[in-house]
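This report goes through one protein model part by part. Please keep the sequence and the 3D view open while reading.

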Amino acid sequence: MRVLVVEDEANLAAAVARGLRAEGFDVDVAGDGVTGLQRALSGGHAAIVLDIMLPGRSGYDVLRELRAREVWTPVLMLTAKDGEYDIADALDLGADDYLTKPFPFVVLVARLRALARRGAPERPARLTVADLVLDPAAHKAWRGDTEVALTAREFALLAHLMQRAGDAVPKSELLTNVWDENFAGDPNIVEVYIGYLRRKIDVPFGRKSIETVRGVGYRIDAAGG
Ligand code: CA
């Protein structure tokens, strides 16, 4: 199994490459974004480990370019805690997983194996409910002809409701799928985000497509509200 490691910190890149080889991976290493992109485009990798802060082109640039060219090799991004960017940005751009530096090597190996097993995802299909359209691959949303800018979380929430259009979707299901399986925060977060969504996809268009189902959760009207 061949993987590509794009990392400019030479010591870290060497240690990761050495460790992965010991685990039976074939490893290509690139030390900057330009080389990394070239290697990634040449294909043949089961997964890519991509640092964000790179000379040449940033990891974000590389990822955006790959997805724009419809290269769907799974990407695990390496983020720094104090980085200029955050995890939401990485996931927004189509990263499949991320690790924050410093990370335990065994975790990297486990995540890479999981990504490689999963393989490159098919380009996900567009979701349509009445005149509301979501393109998960491009991360774009439209109400009629108007493009609506959504954050990663809003996008995921709307996508889940649209996949279940017409159904009353329990709040707990939304928490598990859109937030985290072990979400321990305030469950009212769902309500807050439903409010954000309504202000973006309904209110400006005089619509009421997201209904509150008392005591249960939320439903997106299959007819579009
Ligand atoms: Ca770096």
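## A pair of facing residues

Val49 stands opposite Leu76, which belongs to β4. The strands β3 (residues 47-51) and β4 (residues 75-80) run parallel and are joined by 4 bridges. Two strands pair if DSSP finds at least two bridges between them. Strands are DSSP runs of E with at least two residues, helices are runs of H or I with at least four, and both are numbered from the N terminus.

The model is predicted: local features need pLDDT of at least 70 and side-chain atom pairs count only at pLDDT 80 or more, while totals for chains, interfaces and linings use all residues. Residues are numbered from 1 along each chain as its sequence is written, and side-chain values use heavy atoms, with hydrogens and water left out.

## The sheet and a helix

The open sheet is formed by 5 strands in the order β2-β1-β3-β4-β5, with parallel pairing. At its edges stand β2 (26-30) and β5, each with a single partner strand, so one side of each has no neighbour in the sheet. Ignoring direction, neighbouring strands of this sheet are turned by 20 degrees against each other on average.

Helix α1 (residues 10-22) lies across β1 (2-6), β2 and β5, and runs at about 170 degrees to β2. Axes are lines fitted to C-alpha atoms, for helices over the stretch in contact (heavy atoms within 4.5 Å). Angles run from 0 to 180 degrees between N-to-C directions.

## Lys101

Lys101 is placed in strand β5 (residues 97-101). With a relative accessible area of 15%, Lys101 is buried. Buried means under 20% relative accessible area, exposed means over 50%, and partly exposed lies in between (1.4 Å probe, protein chains only).

The side chain of Lys101 makes polar contacts with the side chains of Glu7 (3.1 Å) and Glu9 (2.9 Å). A polar contact is a pair of N or O atoms within 3.5 Å; within protein, one must be able to donate a hydrogen and the other to accept it, and residues adjacent in sequence count only if both atoms are side-chain atoms.

## The calcium ion

Which residues coordinate the calcium ion? They are Asp8 (OD), Asp51 (OD) and Met53 (O), at 2.1 to 2.3 Å. Asp8 lies in the loop between β1 and α1, and Met53 in the loop between β3 and α3 (59-68), so this pair ties together parts 45 residues apart in sequence. Donors are N, O and S atoms within 2.8 Å of the metal (3.2 Å for Na, K and Ca); water is not among the atoms, so sites may look incomplete.

Asp8 is partly exposed at 32% relative accessible area, and Met53 is partly exposed at 45%.
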